[in-house]
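Open the model in your viewer and keep the sequence panel beside it. The tour below goes from one selection to the next.

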Amino acid sequence: MDFLQRIYHSFNKKKIPLHNTDHEMKNQKEKRPSLAHTLEEFEDAVDILHRSFPEIQVEIIYFGHLIGNEEFERDVHTPLLNIKQSEIERLFKQSQFTKAHTHSEVIDGILKGQVAIFHGKQVHLIDVYGPVARAVTQSEQETVITGPHDAFVESSGPNLSLIRRRLKTSHLKVIKLSVGELSKTDVFLLYIKDIADMEMLQELKDRIEDIEVDAMIENTVLVQLIDEFPNSIFPQFLTTERPDVAVAKLADGGIVCIVDNSPTVVCAPTSFFDFFSSPDDDYQRWPLATATRLMRFLAFFITVGFTALYVSITTFHYEMVPEALLLNLTESRARVPFPPIYEALIMEVVMELLREAGARLPSKIGQTIGIVGGIVIGQAAVQAGLTSNILIIAVAISAIASFSIPSYMMSGAIRLIRFGLIILAGVLGNFGLLFGLTLITLHLCSLTSLGTSYLIPLAPFFLEDWKNTFIRGAYWSLRRRPEQTKTVNKDKNKMKR
């Protein structure tokens with residue numbers, strides 16, 4: 001007991017506060033702003049600009065590459081050059097100037113493209129943010145034949161403008177969040193009041209606020225951090241470059257997430273079948289759009305199982321081949337030294353290498369490599385006896401079918417599935433192929449997006465929603481929002497679709 005008392009008196013005598021680290025950090029953050037502290041904070045940052053106006057005793061600090069030159073010249077530089085000492089206080093009373101009370105406010109303001117103006121013991125901030133940004137151009141990933149051709153850019157301001165231009169309603173609400181300890185990336189959640197499901201909105205907001213990362217680089221990283229099943233190869237949120245797609249999702253009761261510095265936006269919730277819809281479907285006559293959409297679903301089954309079916313038939317089930325084709329198949333495989341499973345895997349890997357090379361090379365060279373490389377390598381492989389003609393046809397058809405899927409993220413997942421089905425088909429034949437397809441179906445049934453089924457409207461079954469899922473129904477028949485985002489509006493005067 002005496003020992004504890006001596007320790008207590010020792011601490012009191014030396015006035016050493018216990019657990020003072022957080023207290024000191026808080027005081028450091030809330031201390032009064034000053035020019036010296038600000039310059040010390042940005043020490044060794046060669047891109048910071050510090051200018052003085054000795055006639056009026058004013059110092060300004062800012063990042064030249066984060067501001068708009070015209071705004072800076074109009075609102076900051078010209079007024080400070082032409083003002084007198086006695087008129088400074090009147091200048092700072094204008095609405096565009098904000099007084100900073102803490103050191104952290106000054107630092108955050110400068111990092112966000114504001115100019116910090118030091119005059120005596122006072123610091124004012126003025127927003128002249130205007131970095132160089134890419135102009136709105138046509139989408140390269142989601143091209144359309146008809147319809148609008150503008151696409152999102154890396155700046156959140158123009159992206160919000162592209163949506164506001166299409167939805168001229170005060171019911172369109174925007175929530176701003178910040179993600180990343182270092183990057184402090186702006187994240188915007190957009191929804192239409194009285195249409196969007198507020199429980200889904202709150203769930204998505206909570207997931208984003210719970211993210212703990214140093215830097216948020218792009219919205220595809222954000223998606224992977226908020227996925228309900230992060231280990232699944234299937235994307236659970238739809239990303240798009242097109243404002244018209246985002247607006248359609250908002251009108252259907254969905255939520256759109258805009259991440260600053262990202263040229264795509266995230267749409268939620270999402271079902272598996274959303275990845276097979278293209279903006280072109282909405283701009284064509286409904287019979288033509290329906291036929292095109294059904295063809296994409298057919299392309300899905302072709303790209304997933306066509307090569308695997310070839311392996312299964314040539315390994316275990318020759319009886320499934322018509323007699324007229326059996327002789328050609330036998331002659332084609334007579335010189336091939338590998339079993340069908342190895343033959344198919346080799347050619348699929350070569351096809352993926354050509355696809356990757358074509359994507360990484362400059363556009364003109366990449367197209368040449370993809371076309372010429374495929375023809376030359378395929379022909380040479382057949383002549384050398386490394387593969388059969390029929391397998392080359394099967395691999396080519398599977399590759400072409402994968403290009404019919406509008407979503408690049410879904411197309412990549414499907415291509416990976418193909419390798420697993422080839423292995424199962426080479427080991428177990430048709431049974432292995434059906435077993436693999438069953439596993440895929442069960443996995444899809446287990447996935448959810450913001451708590452909703454990933455296979456809606458197929459499971460759970462909503463026949464009414466098939467009009468705009470498997471087919472593209474006539475607009476006069478689309479009288480309701482999708483079941484996945486449907487909410488009940490209690491007030492009759494509230495907005496309805």
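Two strands count as paired if DSSP finds at least two bridges between them. Helices (H or I, at least four residues) and strands (E, at least two) are DSSP runs, numbered from the N terminus. This is a predicted model, in which local features need pLDDT of at least 70 and side-chain atom pairs count only at pLDDT 80 or more, while totals for chains, interfaces and linings use all residues. Residues are numbered from 1 along each chain as its sequence is written, and side-chain values use heavy atoms, with hydrogens and water left out.

**Stop 1: the hairpin.** Select β9 and β10, which form a hairpin with five residues between them. In the turn, pick N261, whose phi is positive, at about 75 degrees. Strand β9 (residues 255-259) runs antiparallel to β10 and is joined to it by four bridges; V256 stands opposite C267 in β10.

**Stop 2: the open sheet.** Move to the five strands in the order β1-β2-β4-β5-β3, where the pairing is antiparallel. β1 (48-53) and β3 (97-99) stand at the edges with a single partner strand each, so one side of each has no neighbour in the sheet. From one strand to the next the twist averages 25 degrees; axes are lines fitted to C-alpha atoms, for helices over the stretch in contact, and angles run from 0 to 180 degrees between N-to-C directions. Six bridges hold the antiparallel pair of β1 and strand β2 (residues 58-63), with L49 opposite Y62 in β2.

Next select α6, which lies across β1, β2, β3, β4 (114-119) and β5 (122-127) and runs at about 140 degrees to β4. Contact means heavy atoms within 4.5 Å.

**Stop 3: a pocket.** A pocket is an open set of points on a 1 Å grid over the protein atoms alone, where a 1.4 Å probe fits, with protein on both sides within 12 Å along at least five of seven lines; lining residues have an atom within 4 Å of a point. The second largest pocket has a volume of about 800 Å³, the space filled by probe spheres set on the points, which are joined across faces, edges and corners. To find its centre, select L111, K112, Y129, D186 and D260, the closest of the 27 lining residues. α6 (103-111), α7 (156-164) and β7 (185-192) each supply at least two residues of this lining.
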